[in-house]
Amino acid sequence: MGQAFNNLSIGQLRVLLTLLEVRNLSHAATRLGTSQSALSRHLAQFREAFGDPLLVRQGRQYILSERGLALVEPIKVVLGQLQDLGTPSQFSPATCERRFALAGSDHVAQYILPQLLRDLAEVAPGVSLDFRPWEANRFDWLANGKVDLATSMIEDTPAEFHGRVIGEDMAVCVMRNSHPLAGESRLSVQQFLAWPHLKISTGGDKDSFVDAWLRKHGQQRDLKLTVPYYSAALEVIRDSDMLLMLPEHIARKWSEQAEVCCKPLAFVEHPFRYWVVWHSRTHASAEQQWFRKFIYEHCRGSQFLSPGS
């Protein structure tokens, strides 16, 4: 063992322990909230660090090498000691005095924060909250401590991050009720490209999938306006011919509030997955564990997602 071993992080040790216990890259990726390809890269690093294959393929399954088997208990002990070192012996939300930073869209803030703050005042009156606009793929904010937790649509996360799925949704195209396309059941690519478009820049990635499809087929849409807020986008959609790609649960919520409607695309479909995401550096913290559970339960229990998501 040399430099590769010395460079292993605590987060990587947690990933290694999961791989050794689960012995299946796909199942381990689900548990860790990351991708199978990311875990394959980590496994290659671990094999180099320990000078051993660790996981050996046997048929369609993996088994542990002797070295891999011998590592399981020592890694558990080391991680347990590290967690004990940095975790208070007792944690109570009622006595916690800490300011947490949560990132999300203004839509999340509108539909989650009011009830969340009321509940927070009851169970953890000493806790304060900074809500910040989330930008797609800004995982460095979680890594450097600018943000403790993010709620967003995420396609994939780096291996050193953890997450829990809040729900799933589909992409739809939003327009005003009196738009010439409002009577269509589904939009063809020709109809989609015949009108100007609006994009919301903050929050998760809502529409790059459609731009990627159009580029593949030698086409592009007329993107007239980019705004950072859902509330501003709604006002523009109500008073213009612009089209906007959104998750269906947000589009349905808008249709209850304003004269707008949504239509699926006939030429491409795209599912969204909503996550709460955090970095490995906060994974073992008792305060952080309570905070992310608190946020997760409020996201699941609110009208943030449509029923059945």
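## The largest pocket

In this predicted model, the largest pocket has a volume of about 300 Å³. A pocket here is an open set of points on a 1 Å grid over the protein atoms alone, where a 1.4 Å probe fits, with protein on both sides within 12 Å along at least five of seven lines; lining residues have an atom within 4 Å of a point. The volume is the space filled by probe spheres set on the points, which are joined across faces, edges and corners.

Of the 15 lining residues, Arg14, Leu17, Leu79, Gln83 and His283 lie nearest the centre. Helix 5 (66-86) gives the largest share, four residues. Domain 1 (3-86) and domain 2 (94-308) both contribute to the lining, so the pocket sits between them; those bounds come from an automatic or database domain assignment.

## Nonpolar cores

The largest nonpolar core has 42 residues, and Phe192, Leu265 and Ile295 make the most contacts inside it. A separate, second core of 24 residues includes Ala49, Leu71, Val72 and Leu79. For these, a core is a set of buried (under 20% relative accessible area, 1.4 Å probe, protein chains only) Ala, Val, Leu, Ile, Met, Phe, Trp, Tyr and Cys residues joined through side-chain atoms within 4.5 Å.

## Ground rules

Numbering starts from 1 along each chain as its sequence is written, and side-chain values use heavy atoms, with hydrogens and water left out. Local features need pLDDT of at least 70 and side-chain atom pairs count only at pLDDT 80 or more, while totals for chains, interfaces and linings use all residues.

Definitions and conventions: Buried means under 20% relative accessible area, exposed over 50%, partly exposed in between (1.4 Å probe, protein chains only). Helices (H or I, at least four residues) and strands (E, at least two) are DSSP runs, numbered from the N terminus.
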